[in-house]
Amino acid sequence: MVNLKEKTINKGEIEVLKTFEELNIPPLILQAISNMGFEEPTPIQEMTIPIAMMGRDLIGRAQTGTGKTAAYGIPLIDKCEVDSEYIQGIVITPTRELAMQVAEELNKIGQNKRIRSIPIYGGQEIERQIRALKNRPQIIVGTPGRLMDHMRRRTIKLQQIKMVVLDEADEMLNMGFKEDIEEILKQAPEERQNLLFSATMPLHIQTLAREFMKNPELIHIDPREVTVANTEQQYIETPEKMKLDVLCRLLDIQNPDSAIVFGRTKRRVDEIAEALSKRGYSAEGIHGDLSQNMRDTVMRKFRTGTVDVLVATDVAARGLDITGVTHIYNFDVPQDPEGYVHRIGRTGRAGETGLATTFVTSREINHLKYIEELIKHKITRKPMPTANDALAGLQRVVVDSLLGFAEKEDINQYKGLAESLLEENDSITLLAAALKMLTREPTNNPLPELSAAPPMPLKSLDKVYDQKKGFRRKSNPPRNSTPPRNPNAPRNSNRGR
Ligand code: ADP
Ligand code: MG
């Protein structure tokens with residue numbers, strides 16, 4: 001394959017984590033990251049920061065939520081000089097949301113050193129960005145198209161760039177930004193340092209890396225070692241037609257503060273979000289067909305808690321650091337283990353706990369077992385919740401909030417009224433009526449039928465799962481004969497998402 005030296009980190013090495021001080025990070029930056037509440041480096045930070053601070057080119061491969069931003073942010077801030085007039089670093093990101101998020105984190109890391117970063121992305125008035133550029137930020141975090149735009153207008157010049165970072169490189173290539181990226185890189189000085197971060201390392205990334213990087217060190221944090229230890233993982237076997245019902249029941253029972261539901265296609269995301277709203281849940285959908293403005297609005301509502309349930313495609317949720325997500329629902333099974341880890345990596349972050357529930361149809365069970373095998377983590381089977389379970393869940397929510405209310409609120413002005421009511425009525429009847437009034441009982445509004453989920457694009461067809469023996473490779477079929485189709489295995493077609 002490629003002759004990139006790969007350094008994979010295994011468990012033993014992760015346990016001997018160094019401190020930030022031991023990574024020789026200068027005091028101004030140390031102070032800033034300590035203010036951010038970072039106590040210890042994550043594995044990818046521990047591995048990459050020293051190499052990057054030596055000036056080496058580097059490829060960092062690790063799952064979402066492993067702290068890649070600071071892994072490049074710290075060396076980048078370290079490299080920037082505060083009294084220079086020029087842009088010294090650029091970070092290229094696939095989406096506007098990510099550009100904003102990264103710029104914000106870099107501004108925190110650079111706060112004491114007074115290194116300023118600004119985000120540059122399509123959809124925002126270019127005049128406003130030009131004004132911001134006049135303040136001479138040392139670092140630009142931008143999406144490829146808009147960066148090119150500014151370079152053409154000569155409002156961004158790359159002659160003095162010391163470091164280029166490609167963040168979420170796989171996503172950028174998937175989105176068709178390859179030419180733009182190459183064009184940007186061509187205009188940066190030869191002797192710059194290059195860092196590339198990505199959750200996956202498909203061939204086209206390796207090709208790109210070989211094209212523009214100088215003898216890069218490749219750091220790979222094995223996803224199996226960092227699988228979201230704080231997330232409880234469950235699955236429920238459910239027919240396609242029941243999925244919406246099951247989702248509503250789970251939402252009733254679990255009453256999540258902040259949940260993400262993953263759907264396989266944009267169309268399904270819209271349909272799920274609409275169905276949930278109709279049933280009275282505070283839900284909105286997000287995917288790539290929405291305008292930037294819409295996406296921003298949805299994300300803001302979700303972050304501030306106005307919306308409790310975000311329904312998303314993988315791509316839309318990719319790379320976003322959304323903290324405080326308590327529940328993940330894989331409405332449709334993710335296509336591969338990396339996708340799975342990626343999705344559930346949205347919860348249980350930074351010491352919080354989370355619950356991830358995956359819906360599988362009977363023909364997808366094999367696929368789930370395959371994921372389970374590869375991530376080396378048990379995904380516990382749970383029974384399908386019943387309508388009664390859901391009602392009990394809703395009632396419990398009401399009882400909890402009633403008890404909490406009785407404890408915290410000043411209800412003295414109501415006590416007289418309560419006493420007089422109780423003189424003529426039975427207390428159980430009254431309380432039961434009050435509880436029923438407060439409970440949002442499940443409506444029987446018929447749930448809409450969703451458009452079909454495209455068949456699972458499987459990578460695991462050369463393996464079969466056996467209840468007793470676990471996974472084994474299918475024996476190679478004799479040449480010139482069609483292999484027998486495993487009737488349980490979903491078809492390997494239709495990769496389009
Ligand atoms: P990635 O880019 O790998 O998906 P991020 O850089 O977005 O991950 O980091 C995920 C979250 O973890 C962010 O909220 C970030 O502030 C936090 N974080 C990063 N590094 C540390 C650390 N060393 N200690 C505590 N929290 C951290
Ligand atoms: Mg990231």
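Just after helix H7, Arg154 takes a positive phi of about 60°. Helices here are DSSP runs of H or I with at least four residues, strands are runs of E with at least two, and both are numbered from the N terminus. This is a predicted model, in which local features need pLDDT of at least 70, side-chain atom pairs count only at pLDDT 80 or more, and totals for chains, interfaces and linings use all residues. Residues are numbered from 1 along each chain as its sequence is written, and chains are lettered from A and ligands numbered from 1 in the order in which they are written.

**Helix H7**

H7 spans residues 144–153, and Pro144, Arg146 and Leu147 in this helix are buried. A buried residue has 20 or more other C-beta atoms within 10 Å of its own, with C-beta atoms placed from the backbone. The table lists elements that are included in the cover of these buried residues.

| Element | Residues |
|---|---|
| Strand E3 | 89–92 |
| Strand E4 | 117–120 |
| Strand E5 | 139–142 |
| Helix H8 | 169–174 |
| Helix H9 | 178–187 |

**Helices H3 and H4**

Two packed helices are described by the angle between their axes and the distance between the axes. H3 (residues 43–53) and H4 (residues 68–79) pack at about 25°, with axes 9 Å apart. Axes are lines fitted to C-alpha atoms, for helices over the stretch in contact, and angles run from 0 to 180 degrees between N-to-C directions. H3 and H4 are therefore roughly parallel, a label for angles under 35 degrees. Their crossing is right-handed, meaning that the near helix is turned clockwise from the far one by less than a right angle. Residues of H3 in the contact include Ile44, Gln45 and Thr48, and those of H4 include Lys68, Ala70 and Tyr72. Contact means C-beta atoms, placed from the backbone, within 7 Å.

Strands of a sheet pair through backbone hydrogen bonds, either parallel or antiparallel. This open sheet of seven strands pairs in parallel, in the order E11-E12-E10-E13-E14-E9-E15. E11 (283–286) and E15 (380–382) stand at the edges with a single partner strand each, so one side of each has no neighbour in the sheet. Neighbouring strands are turned by 25° against each other on average, direction ignored. E13 (residues 327–330) and E14 (residues 354–360) pair over four bridges; DSSP must find at least two for a pair. Ile328 has Ala356 in E14 as its bridge partner. Helix H13 (residues 292–304) lies across E11 and E12 (309–312), at about 140° to E11.

**The chain**

The chain has 19 helices and 17 strands. Of its 497 residues, 41% count as buried.

How values were computed: Contact = placed C-beta atoms within 7 Å. Buried ≥ 20, exposed ≤ 12 C-beta atoms within 10 Å, placed from the backbone. Parallel < 35°, antiparallel > 145°, perpendicular 65-115°, else oblique.
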